[in-house]
Each structure stands twice: as C-alpha cells, then as structure tokens.
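Subject: Handover of a structure and its findings

Dear colleague,

Please find the structure below, together with its sequence. The findings follow directly after it, and I would be grateful if you would read them alongside the model.

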Amino acid sequence: MKIMSPISIQKPEFHILLFKGSPINYKATKITSSWNMSIDSKNSSTRNSNSDMKNLKKKDEFSVKLSMTPVRKLDESLSSNGLQFDRLQPSDQELVRENSFEFGQFVAREAMLDEEYWTAAWLRAESHWENRTFERYIDSFKRKFADQEFNAVKRRCKVRNGDTCACIIVVRKEQKNVQRSIIKSVVGTLDLNIRYLLQGETFPGERVKTPFCCSINRTPLSRYGYIANLCVAKSARRQGIASNMMYFAVECAKSNAGVSQVYVHVDRNNRPGQLLYQKMGFEMVETANSRLLLEETYLLRLQT
C-alpha cells in the first residue's frame, strides 16, 4: 500500500459549548479539525490455473474528523441564573432579620438570599450522595440534585393554603477582618414546615377512614410543626450545629406559629440521629410506627 498524496489539514473550526447541570454554567471552546487522506492501493491478482486476473487499481477516499473539548476549572465568579457564587456573606448590619440564635462561632437564622438557598441545597445534595461516592458521574448527580432542590425549596417557602415553610441555615459568625463567600459560610440547614392535620388524623400520615375528599382541620390544636432535610457540612460536624439548629427551629415553631407538637422522621439505621432527637425530648410515635412496619423511617414527636 502506498500513500500517493500528503495529508492536507483544513483550518480548525471553533464552536461554543454551554455546560449545564453543574453548580456554575460556563462556556468552553470545542476545537474541531478534519482532513482528507488519499490512499492508492494495488491488489495483485492471484494466479489461477484457468486464467490470469488483471491487476485492480482502487483509490479510496477517507475522511477523518476529530474533536477535542478542553474543560477548565469552575470559576466561582461566574453566575448561574443570576446567582453570584463569589458573593460575600453580608454583615449583621446589612441583614434585616427577625429571629436568630447565636451559639459558639455560629448563627442560626432563616435563609434570606438566593445564594444561601442554593448553598443549602448543595449541602443536601452532598449529604444525599455521601455514602455513594463510588458511583460514576457522582458530581453530575449531585449538581442536578442541588439544582432541583434549590427550585423546590424556593417553591416550598411560599405560603400555600395556610401552610408555611422556612429554610433555616447556620452560618459562621462574622469576624473582624475576615470575609467569606456565602458558599463557604453556610454550614448547616433544615426545613421547618407548619402544617395542619387532615380531618380525623391524630398524627401526620395516619391512615384513617375518611371521605375521599377530606378537609383540612384548620384549628389551633391541629396545627403542628414538621422538621425535614437536616444536614451539616462534613467539615463542621461535632460542633453542636445540628442540636442548636434543631433547638432554634423548635423555638420558632412555638413562638411564631404557636404549635404544641413538632414531628420529624428519622431513618431506622440512623442511630446518631435517633440519639440526637431523643436528647432533645422527641419520642417515638408507637401507633404510627407499628402500622408502618415496611417503612424505613421512624416518626418522632416532641410535645412543646
């Protein structure tokens, strides 16, 4: 086989790619190059006892196209959907807040900025995938989870039919001559929901014989608090963040909503979580858990 003509390389083409599903959308350049290769091949005929075959000359055209997409490190200064990931944590004077709780080097309060909501969603994504780091594309899964949770928590925090939801976060306390971005400042989060029991229920999710279109029992006694999505950044654990954040959430439910009962679900295998809730006075709802033997969680209740 003999190459009859040299390889001719065309001018590279440049395309712009927009990456989504990551904490920050960014642009990268896709370099595409192509060339044509001409090959002249001679196939000698094999001799046969009957006749000789003529030499065949065949010219084949090949087209090769290669592409390369360089990936650069995410830059916190880029924005996604209007979020500024390099935004500094506001000072106490800049934030107008009604309730907060200080403990140690941290402050528990309700999230106020979109960047704080998104960081809370990212903490939940890391917690959700924490024990599955061996899976492929784990970072992409976490980024997608965080984006979905960010949109979901923003929707939940809007008052609907008398039910309310607050995204509570724990941030590092402001220090003199120390400036932190919001992403590095938020170290804990949970959701505090204020809801009403359905007609005939004695605890959330109770299977009772009620009409198909049952109504919500909107009385002060049927109002309750429900805590969900509690998680703390790995770098800030064992500093009392979870227990103090829970204490702040319970006090908010009592003072702002006037509820007398606060509920929480905990995984059956989450022994540290069960001990945390028990120390705070939560007790297992025996009636609920005896009926939900196939469930993977326990329902706990705190009488305030």
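A search of the whole structure finds seven aromatic pairs; rings of Phe, Tyr and Trp (its six-membered ring) pair if their centres lie within 6.5 Å, and planes under 30 degrees apart count as stacked, over 60 as edge-to-face and the rest as tilted. The model is a predicted one, in which local features need pLDDT of at least 70 and side-chain atom pairs count only at pLDDT 80 or more, while totals for chains, interfaces and linings use all residues. Residues are numbered from 1 along each chain as its sequence is written, and side-chain values use heavy atoms, with hydrogens and water left out.

Aromatic pairs

The rings of Phe103 and Phe106 have centres 5.9 Å apart and planes at 35°, so this pair is tilted. Phe103 is buried, with a relative accessible area of 10%, and Phe106 is buried with 4%; buried means under 20% relative accessible area, exposed over 50%, and partly exposed in between (1.4 Å probe, protein chains only). In the pair formed by Trp118 and Trp122, the centres are 5.7 Å apart and the planes at 10°, so the pair is stacked. These two residues are four apart in helix α1 (residues 114-128), and therefore about one helical turn separates Trp118 from Trp122. Both Trp118 and Trp122 are buried. Ring pairs also link Phe101, Phe103, Phe106 and Tyr247 into a cluster.

Overall fold and cores

The protein has six helices and 14 strands; helices (H or I, at least four residues) and strands (E, at least two) are DSSP runs, numbered from the N terminus. Of its 304 residues, 36% count as buried.

The largest nonpolar core has 32 residues, and those with the most contacts inside it include Val170, Leu190, Ile241 and Phe282. A nonpolar core is a set of buried Ala, Val, Leu, Ile, Met, Phe, Trp, Tyr and Cys residues joined through side-chain atoms within 4.5 Å. Among the elements that each supply at least two residues of this core are β9 (164-172), β10 (186-196), α4 (241-257) and α5 (271-279). Helix α4 gives the most to this core, with ten residues. Not counting residues up to four places away in sequence, Ile241 touches Phe103, Phe106, Val170, Val187, Val232 and Ala236; contact here means heavy atoms within 4.5 Å. A second, separate core of 22 residues includes Phe85, Trp122, Leu123 and Val153.

About 1,100 Å³ of space lies in the largest pocket. On a 1 Å grid over the protein atoms alone, a pocket is an open set of points where a 1.4 Å probe fits, with protein on both sides within 12 Å along at least five of seven lines, and lining residues have an atom within 4 Å of a point. Of the 31 residues that line the largest pocket, the closest to its centre are Leu230, Cys231, Asn270, Gly273 and Tyr277.

The second largest pocket holds about 400 Å³ of space. Its lining has 21 residues, of which Asn99, Glu110, Ala166, Cys252 and Asn256 are the closest to its centre. The largest share of this lining, five residues, comes from α4.

With kind regards

Key:
Points joined across faces, edges and corners; volume = space filled by probe spheres on them.
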